[in-house]
Amino acid sequence: MIPQSFIQDLLARVDIVEVVERYLPLKKGGANYFACCPFHGEKSASFSVSPTKQFYHCFGCGAHGSAISFLMEYSGLGFIDAVKELAGNVGMTVPDDDFTPNRDRAHEQSLTEVMAQAARFYKEQLKRSPVAVDYLKGRGLTGEIAARYGLGYAPEGWQSLQAAFADYNAGQLLECGLVLENEQARRYDRFRDRIMFPIQDQRGNVIGFGGRVLGKGEPKYLNSPETPIFEKGRELYGLVQARQAVRDQECVLVVEGYMDVVGLAQFGVGNAVATLGTAATPHHIQKLLRLTDRVVFCFDGDAAGRRAAGRALEVSLEHLADNKTITFLFLPEEHDPDSFVRSEGPDAFRAAMSRALPLAEFLLAELRKDIDLDTAEGCARLVHEAKPLVTRIAAPLLRLQVIKMLAEAAGFTQAEVEQAFGLKSSPPPRRFDPDNAFEGEGRRGNSNFRGRRGFGKELPRLAPRTAPLNPIETLLRLVVQHPVLAARMPIDLLPGDTPEGSALIAITDAMSVGDLPTHGIGALLEHYRDTPHAAILGRIAAQLADMPLDETVLEPLLNDTLYKLEATQVEQEFLALNAQAREGGLDPTGRRRLAELLVQKEKLKKRPKVSDS
């Protein structure tokens, strides 16, 4: 058996969004990500993945669960194999050696070992090449930085890698992209006479290389091809080395070149990463915004830099959040990040970062370019061209602000622009109703789920509940969403004769001994897999899948529900004792208890409820 502690540690390290998007093209919609469900045929996206709850749910077929459940259902893996798959992705070793090895994972591991061996070879060759060392010194790099990023050198010979591998004809060398074959099946090294920049995945494994020519040859940079372990559109150069600096500075800087990353690091700007010779992709944006709340894209100030910035802006729109910031830094045309920091210094570079253009301003500047706003036609054109971009902004408050700025620039009212965009004004906030705090949400009430571009027709509306939840059901929903609330459950008031009450008691007991996972609904479901509580917790989790609870009502809802639970218990005991007194009288203990209950009832009546305020 795999220890439960290992399962919970694994789920705490795994991001379910990253797991699912390896198999499905996810699209951001509000707080969650969506795709067409892989478990049943459909044309509209009803499959929701929640990064905060670490939980997926399909509103069509009802499939739901954790990252482990997804691998089991999607790939047909058993529980043990799914755990091994996830553990391998985050560099964890399952503490049981009696499992059947996963052949695909073993194959990928063998490829990373080949790449690691090549990286060691290139590093050793750098030490032996005065020309390559002089080149790096001429670029202002020290040995410390070269070692930190694992820089190497590929000799100019056609088959230099023969010295690194006993079998130069091994299929893995070709599969990794380290060698090429001509029509006569003769092999030769892909990288020759180049400075080598190892590309690492999030676990630190070398999965590819970028090679820069020392002189003026073409191409200036040569990258590894796509392989089973390397996809350029998903990876960022320097992420492993930058991670701590990004956390410390709460900001990540995205540049275009390998040399920019190491050059900035040489001058103490260690929070830089680079795309791998490609434009920014949705995968890049998602990874960056999961890493930090502030992203600064840095581009050259020429026309090519502006075009690259425009592409980065477009792929960012559907992944924005109101608590995230994306800005754009344009350097003088004569500089790239490496030359700018060497010429002006790190303080000047950081100052330039602080003045980077916010996404909203850059978007409007690009839209206004070449448009004459002194004419009615120009104003109409501005709004017309803005529509396909502005309506893709996922952050509701930012989108509202951009619409206001757009309306002011074009001489329209906000309402006129919203009407032109087919948008409706946000409804006024509802008054808090503790009896229905969980009602009217999900597919029916979540405007972020309906009306997203490219997701087809909206899902059918749910019929409103005819009766409010009872206190135990409400408490269970609260605890499933916020397990830490289990510490406040009155264990003596929880009934054990219903599935909801029994599950709530089990969760409360687990919390009392420090054995309850608190990092998402998915982890909670895995904790109670194959227990009598699995079914009711799965049903509750499915109901809560796209039903965000406003944090501002959490505390009042909890207090009001606990009040109702206590009042109900007191009333039931009072009525039972009172009936007993009428029928045959009570002994002295019963009479004292009846008097205590009467006093308690009066106190409860005087206690203000949230619903009365």
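User: To start with, what does the secondary structure of the protein come to?
Analyst: This is a predicted model, and its secondary structure comes to 24 helices and 16 strands.

User: And how many of the residues are buried?
Analyst: Of the 613 residues in the protein, 49% are buried. The accessible surface comes to about 29,400 Å², and carbon and sulfur atoms hold 50% of that area.

User: Let's go to the strands. What is the order in the open sheet of five strands?
Analyst: The order is β1-β2-β3-β4-β5, and the pairing is antiparallel. The edges are taken by β1 (27-29) and β5 (64-65), each of which has a single partner strand, so one side of each is left without a neighbour in the sheet.

User: How many bridges are there between β3 and β4?
Analyst: Strand β3, residues 47-50, pairs with strand β4, residues 55-58, over four bridges in the antiparallel sense. Within that pair, Ser50 stands opposite Phe55 in β4.

User: Switching to charges, how many salt bridges does the count come to?
Analyst: The count comes to 19 salt bridges, taking a side-chain nitrogen of Lys or Arg within 4 Å of a carboxyl oxygen of Asp or Glu as the rule. One of them joins the side chains of Arg13 and Asp9, with 3.3 Å from N to O.

User: Where do Arg13 and Asp9 sit in relation to each other?
Analyst: They are four residues apart in helix α1 (residues 4-13), which means that about one helical turn separates them. Arg13 is partly exposed at 49% relative accessibility, and Asp9 is also partly exposed, at 33%.

User: What about Glu318 and Arg392, are they buried or exposed?
Analyst: Both Glu318 and Arg392 are buried, and they form a salt bridge in which the closest N and O atoms are 3.7 Å apart. Glu318 lies in the loop between α12 (303-316) and β15 (325-331), while Arg392 lies in the loop between α16 (376-390) and α17 (396-410), so the pair ties together parts that are 74 residues apart in sequence.

User: Which residues are linked with Glu318 and Arg392 in a network?
Analyst: Lys27 and Glu314 are linked with Glu318 and Arg392 in a network of salt bridges.

User: OK, and where do Glu500 and Arg539 lie?
Analyst: The side chains of Glu500 and Arg539 meet in a salt bridge, at 3.1 Å from N to O. Glu500 lies in helix α20 (residues 499-512) and Arg539 in helix α22 (residues 534-543), so this pair ties together parts that are 39 residues apart in sequence. Glu500 counts as buried, with 12% relative accessibility, whereas Arg539 is partly exposed, with a relative accessible area of 39%.

User: Staying with α22, at what angle do the axes of α19 and α22 cross?
Analyst: The axes of helix α19 (residues 471-481) and α22 cross at roughly 80° and come within 10 Å. The two helices are therefore roughly perpendicular to each other, because angles from 65 to 115 degrees count as such.

User: Which residues make the contact there?
Analyst: On the α19 side the contact is made by Leu476, Arg477 and Val480, and on the α22 side by Ile536, Leu537, Ile540 and Gln543.

Notes:
Residues numbered from 1 in each chain as written. Predicted model: local features only at pLDDT ≥ 70, side-chain atom pairs only at ≥ 80, totals over all residues. Heavy atoms only, no water. Buried < 20%, exposed > 50% of the residue type's maximum accessible area, 1.4 Å probe, protein only. Areas by Shrake-Rupley, 256 points an atom, 1.4 Å probe, with all protein chains shown as cover. Pairing = 2+ DSSP bridges. Axes fitted to C-alpha atoms, helices over the stretch in contact; angles between N-to-C directions. Parallel < 35°, antiparallel > 145°, perpendicular 65-115°, else oblique. Contact = heavy atoms within 4.5 Å.
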